[in-house]
Amino acid sequence: MSANAALLARSLAAVWHPCTQMKHHEQLPLIPIARGEGPWLYDMDGRRYLDGISSWWVNLFGHANPRIGHAIKDQLDRLEHVLLAGFTHEPVVELSERLAALTGHRLGHAFYASDGASATEIALKMSAHFWRNQGQPHKNRFVCLAGSYHGETVGALAVTDVALFRDAYAPLIRPASCVPNPDARQAMPGETAVDVARRAAAALETFLAEHAGETAALIVEPLVQCASGMAMYDPEYLRLARALSDRHQVHLIADEIAVGCGRSGSFFACEQAGITPDFLCLSKGISGGYLPLSIVLTRDAVYNVFYDNDTARGFLHSHSYTGNPLACRAALATLDIFAEDEVIAANRHRATRLGEAFRAAVGDHPRVRHLRQQGMILAFDVADAPPDFARRYFAEALQRELLLRPIGPTVYTLPPYILDDVHIDFLARRSAEALEAALAG
Ligand SMILES: *Cc1c(COP(=O)(O)O)cnc(C)c1O
């Protein structure tokens, strides 16, 4: 038995894998990974895979990155963890200051948790609690966009509009309202992405005109709704949503868990619309893909409404690992790389190359639709894809040393920010080959 096969059998017996129907593993490969280096993952038998999805969108600067690794090791010898209630430490202070500076000091208060779904929960709770402290406790409902994804805990599922993730748990959930999204693929003949954005904003305006009195916040994924299939939209929607939120006294929560940290082409996606949300959620890439960490940034105006002699008017939410020093050091090392390597500028060239390579590889394919890109996210849809297309494509890509996991009929790549031209050509060419094989198979 190969090393791969041995570990695979033990994993299937003992580990319940996420987002997986375990029975599918009777046919589908499960890949035991032994180590990573840069954009490559290596399995137990020494085969390699180019990580085209940054290990679920978290890894920004490659696996086994020496700069991030060094920072964590240094922190490990000083302080691995201390509770953040009643205590503080240099890494969490510095990280909060640097994130505030990145927002132009408009979001100057950072609240910490360990995963994205918790950041969503925190933003929702803070918003509703804000209105309660303001004497408006009836403002406790939320509005999200059709096709939104904000995490899978019971509170986050309430603002997540992906039927597969939500239907089984519907009786547990107090659902939010859903308004039309501005997905540019909805453009009718002669319409632009801006026209679609304006149409969706008009629907939001109608909703708020009627329901603002009971609505605490609107939550959006700025520029790209990732988990529902990389739906991209014009920044005009964010400008209009910001103006409508202000006019109707509703908070705007920007969930930048996936699109933040340079993924959209700017450090925060909201920058491209020139707006500041009331709450900004970060996770995934913020620690470089090293340790679980999430952060909710908010304004003075929100913070001040909780600042009081009365304990119950404070925000009493907590997680055991809130502000973990190791995770904060990983995040500081990640921000150092952004600054030292001028990553946002370097990614402009990388993103252009990525677009060119994919247009050359699949742009003229008769089944490819809506080849689209936002910064370091590139996606296309496959027309008339068979129902098991995503799993077939995943398996065919693995055969070709490539890790890509389509969402339904949407093939996408969301790679680490270290790909060179050779990696990019490899990614585009092998992904086109996997497409042929998945459609032929
Ligand atoms: C991944 C994701 C989440 C949830 O983060 P987890 O760490 O998986 O809980 C929330 N919102 C968006 C936009 C995401 O992409």
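Buried here means under 20% relative accessible area. Keep that cut-off in mind as you browse these close-ups of a predicted model.

**View 1. Helix H12 and its buried residues.** Helix H12 runs over residues 343–362 and has 20 residues. From its first C-alpha to its last it reaches 27 Å, close to the 28 Å expected at 1.5 Å a residue. Look for its buried residues, among them Val343, Asn347, Arg350, Arg353, Phe358 and Val362. The buried residues of H12 pack against helix H11 (325–340), strands S13 (368–374), S14 (377–382) and S16 (410–413), and helix H14.

**View 2. The largest nonpolar core.** This core has 77 residues, and those with the most contacts inside it are Trp57, Met230, Tyr237, Tyr393 and Leu435. Helix H14 (residues 421–440) gives the most to the core, with 9 residues. Domain 1 (3–64 + 342–440) and domain 2 (70–340) both give residues to this core, so it lies between them.

**View 3. Around Leu435.** Not counting residues up to four places away in sequence, Leu435 touches Val362, His365, Val368, Phe380, Val382, Phe389 and Tyr393. Elsewhere, a second, separate core of 33 residues includes Leu95, Leu107, Ile286 and Leu297.

View 4. Among the residues around the ligand are Trp57, Asp115, Tyr149, His150, Glu221 and Lys284. A backbone N or O atom of Gly116 lies 2.8 Å from a ligand oxygen atom, and a backbone N or O atom of Ala117 also lies 2.8 Å from an oxygen atom of the ligand. For Asp255, a side-chain N or O atom is 2.6 Å from a nitrogen atom of the ligand.

Definitions and conventions. Residues numbered from 1 in each chain as written. Predicted model: local features only at pLDDT ≥ 70, side-chain atom pairs only at ≥ 80, totals over all residues. Heavy atoms only, no water. Core = buried A, V, L, I, M, F, W, Y, C linked by side-chain atoms within 4.5 Å. Buried < 20%, exposed > 50% of the residue type's maximum accessible area, 1.4 Å probe, protein only. Helix = DSSP H or I, 4+ residues; strand = E, 2+ residues; numbered from the N terminus. Domains from an automatic or database assignment. Contact = heavy atoms within 4.5 Å. Expected span 1.5 Å × (residues − 1). Near = heavy atom within 4 Å. Polar contact = N/O pair within 3.5 Å; in protein donor to acceptor, adjacent residues only side chain to side chain.
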